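Here is a short report on the inside of one protein model.

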Amino acid sequence: MHAITIREPGGPEVLEWTDVPDPAPGPGEVLVEVAASAVNRADVLQRQGNYPPPPGASDILGLECSGTIAELGEDVTGWSVGDEVCALLAGGGYAEQVVVPAGQLLPVPGEVKLVAAAGLPEVACTVWSNVIMGAGLAADDVLLVHGGAGGIGTHAIQVGKALGAKVAVTAGSAGRVERCRQLGADFAFNYREQDFVAELKKETGGANVILDNMGASYLGRNIDALATGGRLVVIGMQGGVKGELNIGKLLAKRASVAAAGLRSRPLAEKAAIVADVRDRLWPLLEAGSVQPVVDQVVPMAEAAKAHRALDEDDVFGKIVLTARS
């Protein structure tokens with residue numbers, strides 16, 4: 001089969017469409033004939049040599065895919081050859097075939113097209129596990145999402161609104177701010193021109209839940225932006241890995257800070273997240289109140305083009321890579 005490999009750590013030009021050995025499913029796994037995968041920030045970090053796959057995972061890029069089940073491994077129940085699925089992966093999505101633990105499979109929801117479904121599993125499981133399962137977002141809460149124009153941000157806006165929350169986002173241009181509002185954000189702040197802490201407090205009094213992809217550089221401002229009892233969830237380090245935390249402010253607000261990744265979690269934890277996503281989030285997709293946001297569809301063999309667009313911050317939502325023309 002063909003897959004995207006990394007010639008050496010570096011820029012988008014190091015990505016190559018080459019022949020690699022065909023995978024085979026083991027017990028509890030399925031083989032998926034890939035229709036599409038999607039590009040995530042983690043793929044860029046791995047391409048640069050800064051985010052190696054966890055032990056035992058494929059070193060091929062790709063944390064999600066959609067496609068058709070081609071083969072079942074031993075002890076797999078509830079799925080059949082020919083089922084259209086999308087899947088959460090620890091790696092391997094940028095390929096014509098991929099092996100997936102059965103617990104990380106999801107049916108393609110409702111009227112969503114198979115190719116577009118490739119951009120759902122990673123954002124859905126990230127947002128749901130952190131904002132809902134972890135931070136307990138409730139109706140009428142205020143949710144602040146940094147990076148509102150990205151894949152996670154565009155998904156989180158819709159999930160927050162579908163659950164009855166007030167949603168605020170930060171984004172890096174007037175155009176992106178407006179598109180976030182069109183997607184449903186109640187408040188959208190241009191972080192290059194506005195003080196999101198002051199603006200959020202003026203509009204809402206503070207956030208009950210903050211989903212943060214920046215890390216260190218936003219830590220102090222995020223604590224200031226929290227309401228009493230607020231929960232900050234850090235899922236990225238685009239702004240650095242070490243920050244100073246004012247414990248006094250945290251205590252005064254009776255607030256909490258959590259940080260959680262997804263890729264390296266044990267299979268049982270991932271399966272539990274996927275099951276909850278299927279039970280509680282998938283009905284929102286089937287009803288159309290949450291939808292995939294696809295900016296571009298690019299042939300997988302041209303993955304370098306997609307990575308270049310992400311490097312240039314020229315994407316709203318997700319870029320999907322099609323495995324076959």
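In this predicted model, the count of aromatic pairs comes to one. The partners are Phe 196 and Tyr 218. Their ring centres lie 5.3 Å apart, with 35° between the planes. The pair is tilted, because an angle under 30 degrees would count as stacked and one over 60 as edge-to-face. Phe 196 belongs to helix α6, residues 196-204. Tyr 218 sits in the loop between β11 (207-212) and α7 (219-225). The pair therefore ties together parts that are 22 residues apart in sequence. Phe 196 is buried, and Tyr 218 is buried too.

Arginines also meet aromatic rings. The table gives two cases where a charge lies over a ring face.

| Charged residue | Ring | Distance from ring centre |
|---|---|---|
| Arg 179 | Phe 316 | 4.1 Å |
| Arg 263 | Tyr 51 | 4.9 Å |

Next come the nonpolar cores. In soluble globular proteins, nonpolar side chains tend to be buried together. Here the largest nonpolar core has 45 residues. Which residues have the most contacts inside it? They are Val 131, Val 169, Cys 180, Val 277, Leu 281 and Trp 282. Helix α9, residues 267-287, gives the largest share of this core, with seven residues.

Take Leu 281 as an example. Leaving aside neighbours within four places in sequence, Leu 281 is in contact with Ala 124, Trp 128, His 155, Val 159 and Asp 276. Another core lies apart from the largest one. This other core has 36 residues, among them Tyr 94, Ala 102, Ala 303 and Ala 309.

What about empty space? Rolling a probe the size of a water molecule over the atoms shows where it is left. The structure holds one cavity of 30 Å³ or more. The largest cavity has a volume of about 60 Å³. Its lining includes Gly 119, Leu 120, Val 123, Gln 291, Pro 292 and Lys 318. His 155, a contact of Leu 281, also lines the largest cavity. Helix α4, residues 151-162, supplies the largest share of that lining, four residues.

The second largest pocket has a volume of about 480 Å³. It is lined by 27 residues. Closest to its centre are Gly 56, Ala 57, Ser 58, Gly 91 and Val 99. β6 (97-101) and α9 each supply at least two residues of this pocket's lining. The largest share, five residues, comes from β6.

Notes
Residues are numbered from 1 along each chain as its sequence is written. This is a predicted model: local features need pLDDT of at least 70, side-chain atom pairs count only at pLDDT 80 or more; totals for chains, interfaces and linings use all residues. Side-chain values use heavy atoms; hydrogens and water are left out. Rings of Phe, Tyr and Trp (its six-membered ring) pair if their centres lie within 6.5 Å; planes under 30 degrees apart count as stacked, over 60 as edge-to-face and the rest as tilted. Buried means under 20% relative accessible area, exposed over 50%, partly exposed in between (1.4 Å probe, protein chains only). A charge sits over a ring if NZ of Lys or CZ of Arg is within 6 Å of the ring centre and within 35 degrees of the ring normal. A nonpolar core is a set of buried Ala, Val, Leu, Ile, Met, Phe, Trp, Tyr and Cys residues joined through side-chain atoms within 4.5 Å. Contact means heavy atoms within 4.5 Å. On a 1 Å grid over the protein atoms alone, a cavity is a set of points where a 1.4 Å probe fits but cannot get out, and a pocket is an open set with protein on both sides within 12 Å along at least five of seven lines; lining residues have an atom within 4 Å of a point. Grid points are joined across faces, edges and corners, and a volume is the space filled by probe spheres set on the points.
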